[in-house]
Amino acid sequence: MSDAERTAARHTPVLRERIVELLAPALEAPGAVLVDATLGMGGHAEALLAACPAARVIGIDRDPQALSLAGERLAPFGDRFTGVRAVYDEIGEVLADEGVSTVAAVLFDLGVSSLQLDEADRGFAYAQDAPLDMRMSQDAGRTAADVLNTYDERELERVLREYGEERFARRIAREVVARREQLPFERSADLVELLRRAIPAASQRTGGHPGKRTFQALRIEVNGELDAWRAALPAAIAALGVGGRIAVLSYHSLEDRITKQALAAGARSTTPPDLPVELPEHAPYLRLLTRGAETADPTETETNPRATPARLRAAERIRATEEPRP
C-alpha cells in the first residue's frame, strides 16, 4: 500500500458527498478555484478535484505533517493542487500571494483533524497518554500544559466553561491549581485522573468521558481557534465571486453560532423597514443553501463516529459588495 493509500485509509471525510453536491456547481468553469482552508489529510479536496475536473484547489493548513500527507494523496492531480502552510484566518494573504483575487468556493472543516487525533504524541486525545501539547503547529506557541500550569483559577474556569461548556468548570479549575502546586502537569493521563476525581460519578455515567469537554476547551484555547474563526469567515465570504459558494463544517456550538450569524446576516436585507422599496446596496448578498444546520445520517455516524457532532451550513454569494459587511 502506498503512502497516499495509507493516508486515505486513515481518514474518512465527514459529509463528503454532501459537500461535493453543495460546492460542485460553483466549480464548473475552467480554472475555478476552491480554497480548502482546513486541508487536513486532503479527503474533501480529493473528492472535489475528482468531481470537478476543471477546478483547482488551494489547500491551507497550519500543520506541516498534514500538508505533507495531503500533498502525497493529491499528487495525482498535479498542478491542480497547491498546498500552503498558514492559519485559515490568513486566507486573504494566501490568495494575494497566489495571485488570486476571487474564488469560486471555500470549504472549512473546523476542529481537530483525524491526523491530530490519531497521533498519540500530539496530546489531543484523552484516551491516550501523551505529553499535554495540543498545538496544531508544534513549532510555536503555548501548550496545553502551559495553560494548566500558568493560568490563574478564574481564567482556567472561564476557558473550561466558555470553550468546553463544562458544568464543573469551577471545581476542575480549583483542583488543577491545587494539584500543580505539588506537581506541574505534563501528561494527559495526569489530567484525566484529576477529571475523574473532580467530576461527579453520576455525570460521568451520563455525560461521556470526563475528559471530553476539558480537552476540547484546552485545544481551542491553545490554538486560538475561535478568534481565528471570527476573522476567517468574513475574509472567506469577501473572497467569493458572485455565484461562489462557501460550506462550513462545525463541531462546537460556539463555532456553529458564529457561522450561523455571519451567513444569516449576509442573507438578510438591511433596507430600513419604513422604506417602500429595497435599496440595492442593502439587498442580501448571500443565499442560504442549507435549511438550518445539516447533520450526518445514522449510517455515516455509525461508520465514522467523528461525524456525530458535525453541523454543516452553506451559502452562495448572489451579489458583489463594496466591502465585507459584519
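Me: Which residue lies over the face of F185?
Reply: This is a predicted model, where local features need pLDDT of at least 70, side-chain atom pairs count only at pLDDT 80 or more, and totals for chains, interfaces and linings use all residues. Residues are numbered from 1 along each chain as its sequence is written, and side-chain values use heavy atoms, leaving out hydrogens and water. A charge sits over a ring if NZ of Lys or CZ of Arg is within 6 Å of the ring centre and within 35 degrees of the ring normal. At 4.5 Å from the ring centre of F185, the residue is R179.

Me: How many aromatic pairs does a search of the whole structure find?
Reply: Rings of Phe, Tyr and Trp (its six-membered ring) pair if their centres lie within 6.5 Å; planes under 30 degrees apart are stacked, over 60 edge-to-face, and the rest tilted. By that rule, the number of aromatic pairs found is three.

Me: What kind of pair do the rings of Y88 and F108 make?
Reply: Y88 lies in the loop between β3 (81–85) and α5 (91–97), and F108 in strand β4 (residues 103–109), so the pair ties together parts 20 residues apart in sequence. Helices (H or I, at least four residues) and strands (E, at least two) are DSSP runs, numbered from the N terminus. With ring centres 5.8 Å apart and planes at 90°, the pair is edge-to-face.

Me: Which residue of helix α13 pairs with Y88?
Reply: The two rings are 6.1 Å apart centre to centre, with 85° between the planes. The partner lies in helix α13 (residues 225–239), 141 residues away from Y88. That partner is W229.

Me: Is W229 buried or exposed?
Reply: Buried means under 20% relative accessible area, exposed over 50%, and partly exposed in between (1.4 Å probe, protein chains only). Y88 has 9% and is buried. At 0% relative accessibility, W229 is buried.

Me: How are helices α8 and α12 placed, at what angle do they cross?
Reply: Axes are lines fitted to C-alpha atoms, for helices over the stretch in contact, and angles run from 0 to 180 degrees between N-to-C directions. The axes of α8 (residues 153–164) and α12 (residues 212–223) come within 8 Å. They cross at roughly 100°.
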